[in-house]
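Please examine the aromatic side chains in the structure shown below.

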Amino acid sequence: MRLLVIGAGALGGYYGARVVRAGGDVTFLVRSGRAEQLQRNGLQVVSPHGDFAVEPKIVLADDLKEPFDVVLVGVKAYSLDDAMAQFAPAVGPNTMILPILNGLKHLDALIARFGASSVLGGLANVSAGLDADGRVVQYMANQTIVFGEIDGALSERVLALETLLHVPGIDVRASEAIMQDMWEKFVQLSTLAGITCLMRASIGDILAVPNGEQSIFRLFGECCAVATASGFEPRAPFIEFDRKLFTTLDSPLKASMLRDIERGSVTEAEHILGDMANRARALGIETPLLDLARANVAAYEVGRKRAAG
């Protein structure tokens, strides 16, 4: 199977490099600046599991002429419209589009552009980013990717994709309940992003202050209520996992959204916090802490745009 990875940032760079290292046929769709960097230095991964580098096949949007078997989309949500326009020539009648973006809104956009039959549900759990030299740095040992048909069928194409991605450095799982999985990730991310951005602090630092733990779980409860009202009540193992995640003393965990704020970058706040809050409003659910977190990051975005002129 021929795999086209959109971009070579933290998500696409990590998973794509792992498949290349295992001998897979992978091409990276990148912009000219990133192309020059990759041609000069290769695609380098710094990982708790061992550092490595690969020589990636790359293509620019103007040179993309033929369909691929799989398109892996791991861009930031605010870049999706541009990305869809760029990778459209790679989508043929039998192409699988596997998005591993945060949240849920992107599914509607992809289905509207390419049709429901082309789009899988998917999510990734990897803590990674690009450093100043363009290397993919994996901060923590987790490296999961989960995907499946939106209707829950365990199709032949999904099983074939599971085989493709079953390589060292990727914990892969084909799911018969991908929308449930994605909703649980949406709840987790909205909680983590909301509370760490609101407090401008890691989970460990929030737990160290009065009412810190209570605030985390008040927000968690709001997000769980939205998922439940939407038909995707979080399952007991997920609740237990997140309870441990959000009560780990001295945890350095913070959302990538907070890292974006710390760098002065644009965030995915409206795609995550805004979308969760909008769904709550439509369902008649009160989410005061989520609304405050959303307003907090929105105010940051106003100031960032003003500073940029």
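Two rings of Phe, Tyr or Trp form a pair if their centres lie within 6.5 Å; a pair is stacked when the planes are under 30 degrees apart, edge-to-face when they are over 60 degrees apart, and tilted otherwise. In this predicted model, there are eight aromatic pairs. One of them joins F217 and F220: the ring centres are 6.0 Å apart and the planes meet at 90 degrees, so this pair is edge-to-face.

Where do F217 and F220 lie? Both belong to helix 8, which covers residues 212-229, and they are three residues apart, about one turn of the helix. A residue is called buried when its relative accessible area is under 20%. F217 has a relative accessibility of 17% and therefore counts as buried. F220, with a relative accessible area of 4%, is buried as well.

F220 also forms an aromatic pair with F238. Here the centres are 6.1 Å apart and the angle between the planes is 40 degrees, which makes the pair tilted. Because F220 lies in helix 8 and F238 in helix 9 (residues 236-245), this pair ties together parts that are 18 residues apart in sequence. Like F220, F238 is buried. Ring pairs link F217, F220, F238 and F246 into a cluster.

Aromatic rings may also be considered together with charged side chains. R2 is placed over the face of F68, 4.1 Å from the ring centre. In a further example, R259 lies over the face of Y139, at 5.1 Å from the centre of that ring.

Methods:
Residues are numbered from 1 along each chain as its sequence is written. This is a predicted model: local features need pLDDT of at least 70, side-chain atom pairs count only at pLDDT 80 or more; totals for chains, interfaces and linings use all residues. Side-chain values use heavy atoms; hydrogens and water are left out. Helices (H or I, at least four residues) and strands (E, at least two) are DSSP runs, numbered from the N terminus. Buried means under 20% relative accessible area, exposed over 50%, partly exposed in between (1.4 Å probe, protein chains only). A charge sits over a ring if NZ of Lys or CZ of Arg is within 6 Å of the ring centre and within 35 degrees of the ring normal.
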